[in-house]
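Please take me through the strand pairing in this model.

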Amino acid sequence: MSARITFLGTGAGGSIHRAHTAIAFECDDDTRLLLDASSGNTVARNCVQLGMAPESFHKVLLTHHHADHMSGLPLIQLVHTRSLDDGPPLEVYGPADVLHHAEYLCQVLSPNLKVDREGAMNPEGRQVMRWHNVEVGSQIQLGSSTFASCFSADHIPGAVGWTIDSGGVRVVFSGDTRFNPVMAEAGHGAHLLIHEAYALDRDQEHAAGAGHSTAGEAGRIAALAGAEELVITHVTNPFHHQPHPLINEASEHFPGPVSVAFDLRQLTVTS
Ligand SMILES: [Zn+2]
Ligand SMILES: [Zn+2]
């Protein structure tokens with residue numbers, strides 16, 4: 001079994017070179033989901049560049065309410081809704097606090113929608129978005145053989161990371177976080193561990209102060225989780241053209257393959 005992962009955006013919040021965070025999953029059971037919503041119209045533009053249909057992603061899993069992870073949601077909904085006259089709503093998953101902020105964001109940015117605790121309805125009375133409250137630690141089913149669960153991240157209150165299990169393939173995503181041993185447990189045995197890195201260990205205090213990890217910490221989490229492969233993302237400007245220091249530092253702690261993501265990168269994970 002396999003899952004195709006597409007990095008639609010790999011830059012940190014202040015990135016001037018890269019799009020903001022969104023990762024597309026295409027699973028063998030036809031489940032198609034997005035991890036985070038990036039900002040602006042990144043998801044639509046970058047899907048189209050790769051020949052993928054942005055409206056075919058019916059499920060969005062959110063990590064937290066920072067603009068670089070969530071502010072693209074209203075525009076993902078718009079593209080999704082317009083693609084089919086009578087299609088299903090966009091299904092949005094996250095813990096209560098994250099969904100509360102998503103609700104507020106959509107109220108502000110999509111004033112023609114009627115947004116409430118259930119989701120959003122357009123002026124024609126069509127349900128265009130539905131919220132799914134996910135408790136930390138509980139597993140939800142997203143497809144015939146695809147499941148997901150979220151775990152607490154150490155970033156801002158309510159932030160989470162996600163573990164996706166699909167047909168024997170396990171992928172875990174840190175979201176934005178400081179060094180987070182909870183993730184090593186939640187993503188134990190991951191075939192692919194996707195971890196943010198904001199800086200190198202020499203700037204650990206600065207990274208932790210901003211709510212983020214170093215590349216060395218990402219490597220340590222990958223080693224603790226017993227992951228097969230580590231991909232670093234949420235890349236800050238100094239490392240855009242020179243990602244090797246991130247790779248070298250993570251590799252000091254993790255013996256498996258380490259790479260840094262870039263926008264439009266695709267990889268297939270097999271069990
Ligand atoms: Zn971020
Ligand atoms: Zn953040």
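Q: Which residue in the turn between β2 and β3 has a positive phi?
A: β2 and β3 form a hairpin, with 4 residues between them. This is a predicted model, where local features need pLDDT of at least 70, side-chain atom pairs count only at pLDDT 80 or more, and totals for chains, interfaces and linings use all residues. Residues are numbered from 1 along each chain as its sequence is written, while chains are lettered from A and ligands numbered from 1 in the order in which they are written. The turn residue with a phi of about 75° is D30.

Q: Over how many bridges do β2 and β3 pair?
A: Strands are DSSP runs of E with at least two residues, helices runs of H or I with at least four, numbered from the N terminus. Two strands pair if DSSP finds at least two bridges between them. F25 stands opposite L33 in β3. β2 (residues 22-27) and β3 (residues 32-35) are antiparallel, and the count is 4 bridges.

Q: What is the bridge partner of L35 in β4?
A: β3 and β4 (residues 59-61) run parallel, joined by 3 bridges. In β4, the partner of L35 is L61.

Q: Which strands stand at the edges of the open sheet?
A: The sheet has 9 strands with mixed pairing, in the order β6-β7-β8-β5-β4-β3-β2-β1-β16. Two of these strands each have a single partner strand, so one side of each is left without a neighbour in the sheet: β6 (114-115) and β16 (265-270).

Q: What is the bridge partner of V115 in β7?
A: β6 and β7 (residues 119-121) pair in the antiparallel sense over 2 bridges. In β7, V115 has as its partner A120.
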